[in-house]
Structure formats: structure tokens, C-alpha cells
Amino acid sequence: MNDSPDFRVTFRTAVVPAAGLGTRFLPATKTVPKELLPVLDTPGIELVAGEAAQSGAQRLLIVTAPGKDRVVAHFAENLSLEEHLEAKGKTELLEKVRRAPNLLRVDSVVQDRPLGLGHAVSCAEAALGADEDALAVLLPDDIVKPHGILKAMARVRAERGGSVLCAIDVPKSQVSSYGILEVEEAPKSASLDVLRVLGVVEKPALSEAPSTLAAAGRYLLDRKIFHALRRIKPGVGGELQLTDAIALLIDEGHPVHVVVHRGTRHDLGNPGGYLRAAVDAALNSEEYGDGLGKWLRERLDLDSSDAN
């Protein structure tokens, strides 16, 4: 997606909620936070941080849980490791190790209780500057490629104000797993697929789903979201849903638009999606792509032969 000449970044802080326990990856996540599980050789949260930096964010604000310090520590310098790699002449590895600390400024806040995504976002309010009227929220489970969707969302906010979401078109069989958007046509935007959001339904049955467009883990939110979060009631499990706060803003006339992402999206929040993301990354790498592709073709041919 190309930037228009009048493009300007409309946010400085990218918030990454990372307080979850990663229960679907137990027992691995007993000791390793889910956000640090590598996609090939890079932790998922570093991939998300790289996307935020490319989109113009100056700061990454990680919402962590008590005792989950390793996620933030990944972005700190490790001088002894760097000195060791430099002494051994391992320059490629040294560049990889230095990448995370140099992406952007990283801060953290603690969500002391697991009260939902809306509550996690609300924890970021006190850490924002008084002059910040918008924030980006990136869910670390979602890997969205190619990068550029946040820039596109920022352009829509600069043109139309309000809040901007990212959506993917999901199969009908999956609508009950997502926050589904009710949308209508909006004024055309050059090179972008933009719709106006009328409402959000959290994990509806197919018969009650207003569309097949699902919120895809990237949000560019007006600061008014915090006022809405203070006014919604907890839902299932006592959690505050971000989608409920967005729906409240819509009801009150706050403009909300969605940019439909037509690229790829991987869900690192479950083992199946994580494996697909890792395979996709490996197939696209110069080092592993050819060998892995050859092995997969042979493996699939073998399975096909056995089935016959």
C-alpha cells in the first residue's frame, strides 16, 4: 500500500497486550512466554514490534502480567552476548541480536489481573502522553503481512477522523471465533478497501453474524476509547471486551472505519496457526525455503501414495 503525499502518522505509541498465560501452548509456556516462541528464529513479539516501527511508531508499550518480565527483557541489550558474537566474527547473528533493542523505545505496564483485552488496553492510558490523541493496538498473536496495514489505517484516520480497525474476510465456519463487523459502504479511498463500521458482534452464531468480516488484531483507536472502556460492563468470565467499547463509541456517533486486509494473516495463538506461520516464514527464507519445499513435496507425495 503506497502512502499518499499528505500521509502523516497519527499515533506515537503502539500498545501490545501480552499478559496472557498461553494455556494452549502448555507445557512449553510454563517457562517461556508465548510471545517469545520463535517464528523460525524470531519471537512473535519482535515481529509485531518491527511492524509497529515500520509504521512510524516511536514507542512500544507492552502490557504484561506479574512475573512475565522476560517479554520486555527481550528488547534489552545483552552486551556480554554481543561481545562474544563479535569476538567470534559471527556478524549475521550479532545483527539479529541487536535488532530488537534498536527497533524503537520499549516500555511496559502491568495488568495485575486477567480481565480481558479491553482491560489490558485501559492499563495503557496512564502511560500515554497528554498530547497523544490516538494509540495503535497490535495483538501479538496476529501476524499480518505484508506490512503496511497500520500506515493505511493511519491514512484513513487522517482523512476521516475517529478510530480505524483492520479486518479479514473469514470463512463462514469461523465467524463464531471472532468479533464480526457490521459494515456499510463508505466514500472511496484511493487503493484502499475502506468501509464504515456500524457495529461489532463478539463471536456470533453464523445465523446472527452481520458479515464475514472479522477484526484482525490491529486497531488505531481514538483516545476516547478509554472513556468508553470505563463505562462498559464486564461480559462472559468477568472480562471487559474491547469490541464492546468500540460498539459504544459507534452508538454515540464516533466515526469508526475498517480497512479490509487482503494479504495473509497467521494466528500465533494456537499451535495450528503457529505451525502455519513458521512454515510460511521458512518457505520464504533464502536459507531454508528450497530445502523445506522439497521435503514437503516429498512428504506429501508419500502420504498420497500411502492413501492409495
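Author: Let us begin with a term that will be needed at once. Helices and strands are DSSP runs, numbered from the N terminus. In this predicted model, α5 (117-122), β11 (213-222), α8 (242-251) and β13 (264-267) each supply at least two residues of the lining of the largest pocket.

Reader: How many helices and strands does the chain have?

Author: The chain has 10 helices and 13 strands. Its radius of gyration is 20 Å, close to the 19 Å given by the globule rule for 308 residues, so the chain is as compact as a globular protein of that length. The C-alpha trace spans about 60 × 55 × 45 Å along its principal axes. Of the 308 residues, 48% are buried. Among contacts between residues at least 6 apart in sequence, 77% join residues at least 24 apart.

Reader: Where does pLDDT stay under 50?

Author: The general idea is that where pLDDT is low, the predicted coordinates should not be read in detail. In this chain pLDDT stays under 50 over residues 1-7, for which the model has 11 contacts beyond four places in sequence. The chain as a whole averages a pLDDT of 89, and 93% of the residues score at least 70.

Reader: Which residues lie nearest the centre of the largest pocket?

Author: The lining of the largest pocket consists of 38 residues, and those nearest its centre are Arg 24, Leu 117, Leu 139, Asp 141 and Lys 203. By class, the lining divides into 16 nonpolar, 12 polar and 10 charged residues. The element that gives the most to this lining is β11, with 4 residues.

Reader: How much space lies in the second largest pocket, and which residues are closest to its centre?

Author: The second largest pocket holds about 750 Å³ of space. It is lined by 29 residues, and the closest to its centre are Asp 41, Thr 42, Glu 46, Leu 47 and Arg 99. Two or more residues of its lining come from each of β3 (42-43), α1 (44-54), α4 (91-99), β7 (142-145), β13 and α9 (271-283). The classes here are 13 nonpolar, 9 polar and 7 charged residues.

Reader: How many cavities of 30 Å³ or more does a search of the whole structure find?

Author: A cavity is a space in which the probe fits but from which it cannot get out, whereas a pocket is open. The search finds 2 cavities of 30 Å³ or more. About 80 Å³ of space lies in the largest cavity. Among the residues that line it are Phe 25, Lys 34, Glu 35, Pro 140, Asp 141 and Tyr 274. Its lining has 7 nonpolar, 1 polar and 3 charged residues.

Reader: Which element gives the most to the lining of the second largest cavity?

Author: The second largest cavity has a volume of about 40 Å³. Its lining includes Leu 47, Val 48, Glu 51, Asp 142, His 147 and Arg 218. Both α1 and β7 give two or more residues to this lining, and β7 gives the most, with 4 residues. By class, there are 4 nonpolar, 1 polar and 4 charged residues.

Notes: Residues numbered from 1 in each chain as written. Predicted model: local features only at pLDDT ≥ 70, side-chain atom pairs only at ≥ 80, totals over all residues. Heavy atoms only, no water. 1 Å grid on protein atoms, 1.4 Å probe; cavity = no way out; pocket = protein on both sides within 12 Å on 5 of 7 lines; lining within 4 Å. Nonpolar A, V, L, I, M, F, W, Y, C, P; charged D, E, K, R; others polar. Points joined across faces, edges and corners; volume = space filled by probe spheres on them. pLDDT = per-residue confidence, 0-100. Contact = heavy atoms within 4.5 Å. Rg over C-alpha atoms; globule rule 2.2 N^0.38 Å. Buried < 20%, exposed > 50% of the residue type's maximum accessible area, 1.4 Å probe, protein only.
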